[in-house]
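Student: I have a new structure to look at. Can you show me how to read it, feature by feature?

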Amino acid sequence: MAVEHCATLVVGGGIMGLAVAWALVRRGQPVTVVEQGAIPNPLGSSVDRHRLIRYAYGAETGYMRMVADAYPAWERLWVDLGVRHYAETGTLILESGGGDWAARSAAAMAADGLAVEAVSPAAAHHRWPMLRADFPGEIHYAPSGGVLFAEPIVRALGAWLDARPELATLVTASQVVAVDAAGARIALRDGRTLAADRLVIAAGPWTGRLLPELAAALSPSRQVVVYFAPPADLAAAWAGGPMILDIGTADALYAVPPVRGTGLKIGRHAFGPAADPDIDREPAPADIAPIRAAAAHCLAGFDRYGVAFARTCFYTVADEERFIVRPVVPDGRTWVLAGFSGHGFKFGPLIGERLAAALCGEAAAANVQAWAAGRG
């Protein structure tokens, strides 16, 4: 069978793969994206109603400063898409477990000139009545931060690429079964072989299967998020409220307000044992109970909240939650994007642009690798 050749092959049609393709097409570079499902793929890590963008990063100032560059990258994407899939909400930064993540976040933000203020639990409850007035820790508020509408973004990126057939090709419902990193070549389950001048693997929790040498460094973690129905007397407060982060403790709670009618989503930024992204997708009551318990630590009267529905997604967790963006082979023909550990979506367009620059010889691979790891 003949080998189909293209300039850059991207494996994975989530936010990272599509953002790389977008950035390359903007540079006039031809690209083919191969996705095992549809775009958006409901099993993909990028696909849900929303993702968060926020400056609060504890002591990780590298990632905090990347957020400042991420916002302009999103603006460039909005211009191309013709719509802004974003809503500013502000950020409540909590610390309920006696740690210092919230304090470090606030100090780092203030040092970089970002607006942030300490708020007493009583004052916070008065302003945001969903919070407990007797919250047992510290609270900081930042007016920055907001919600990225994930599924519409992925769908719009796919449509933008599809509308440019002279440079972009989308190959959907096509599972990659083997990768030849040295040859920048992939084999598909249907028997086809695709080759390219350059190859980018952005396959999320399936990355370790395609690149076995990375399997030990990447742990696919099954994450459950729950959409709750707040009591009627708090519905307006939630609809106009900020995101809530209490992720410096073992309970590791985050709450996404129901902006634009998307629903109140609560989850835990706590990783489970390695799991198979192709199975065990149905949430069980035992998955919901820890989220309820964590939410009750900071939210008032949480026993009054009903469960609308729950769903699972998969994080691909790397050591220290540091992103892996690097060449797989010495000549740089093949790159991998992985290990985004549940906090990568906010950087999608920015990482796409930085990798496109490296693929086009405008940025050193080592610099991009260090930067993506939060050390640049």
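Tutor: We will go through a sheet, a helix, a strand and some aromatic rings. One caution comes before that: this is a predicted model.

Student: How do I read a sheet, and what is the strand order here?

Tutor: Strands of a sheet pair through backbone hydrogen bonds, either parallel or antiparallel. Here, an open sheet of eight strands runs in the order β6-β7-β5-β14-β15-β16-β13-β17. Its pairing is mixed. The edge strands are β6 (117-119) and β17, each pairing on one side only. On average, neighbouring strands are turned by 20° against each other, direction ignored.

Student: Which strand does β5 join through three bridges?

Tutor: That is β14 (residues 243-246), and the two run parallel. Within this pairing, Leu92 has Ile244 of β14 as its bridge partner. Helix α3 (residues 101-111) packs on the sheet. It touches β5, β7 (138-142) and β14, and its direction makes about 135° with that of β5.

Student: Where does α8 lie?

Tutor: Helix α8 lies across β5, β13, β15, β16 and β17. It runs at about 65° to β13.

Student: Which residues of α8 are buried?

Tutor: In α8 (residues 285-298), Ile288, Ile291, Ala294, Ala295 and Cys298 are buried. Seen down the helix axis, the buried residues fall within an arc of 125°, so they line one face. Their cover includes β5 (91-95), β13, β15 (253-256), β16 (264-268) and β17. The face turned away from the buried side carries the exposed residues Pro285 and Ala286.

Student: Now a strand. What covers its two faces?

Tutor: In a regular strand the side chains alternate between the two faces of the sheet. Take β19, where both faces are covered. Thr334, Val336 and Ala338 lie on one side, Trp335 and Leu337 on the other, and all are buried. Five of the five residues of β19 are buried, so the strand is largely enclosed by the rest of the structure.

Student: Which strands pair with β19, and in what sense?

Tutor: Strand β12 (residues 193-201) pairs with β19 in the parallel sense, over three bridges. There, Ile201 has Val336 as its bridge partner. Strand β18 (residues 324-327) pairs with β19 in the antiparallel sense, over four bridges. Val325 has Leu337 as its partner in β19. β18 and β19 also form a hairpin, with six residues between them. Gly332 in the turn has a positive phi of about 75°.

Student: How many aromatic pairs are there?

Tutor: The structure holds 15. A pair of aromatic rings is described by the distance of the centres and the angle of the planes. The ring centres of Tyr57 and Phe347 are 6.4 Å apart and their planes are at 35°, so this pair is tilted. The two residues are 290 residues apart in the chain. Tyr57 sits in the loop between β3 (51-53) and α2 (61-81), Phe347 in the loop between β19 (334-338) and α9 (348-359). Both are buried.

Student: Why is the pair of Tyr227 and Phe309 called stacked?

Tutor: Their planes are at 15°, so the pair is stacked; the centres lie 4.5 Å apart. Tyr227 is in β13 (residues 219-229) and Phe309 in β17 (residues 306-317), 82 residues apart. Tyr227 is buried, with a relative accessible area of 1%. Phe309 is partly exposed, at 32%.

Student: What lies over the face of Tyr227?

Tutor: Arg49 does, at 5.0 Å from the ring centre. Likewise, Arg127 lies over the face of Tyr141, at 4.7 Å from the ring centre.

How values were computed: Residues numbered from 1 in each chain as written. Predicted model: local features only at pLDDT ≥ 70, side-chain atom pairs only at ≥ 80, totals over all residues. Heavy atoms only, no water. Phe/Tyr/Trp six-rings, centres within 6.5 Å; stacked < 30°, edge-to-face > 60°. Buried < 20%, exposed > 50% of the residue type's maximum accessible area, 1.4 Å probe, protein only. Lys NZ or Arg CZ within 6 Å of the ring centre and 35° of its normal. Pairing = 2+ DSSP bridges. Arc of directions from axis to C-beta. Contact = heavy atoms within 4.5 Å. Axes fitted to C-alpha atoms, helices over the stretch in contact; angles between N-to-C directions.
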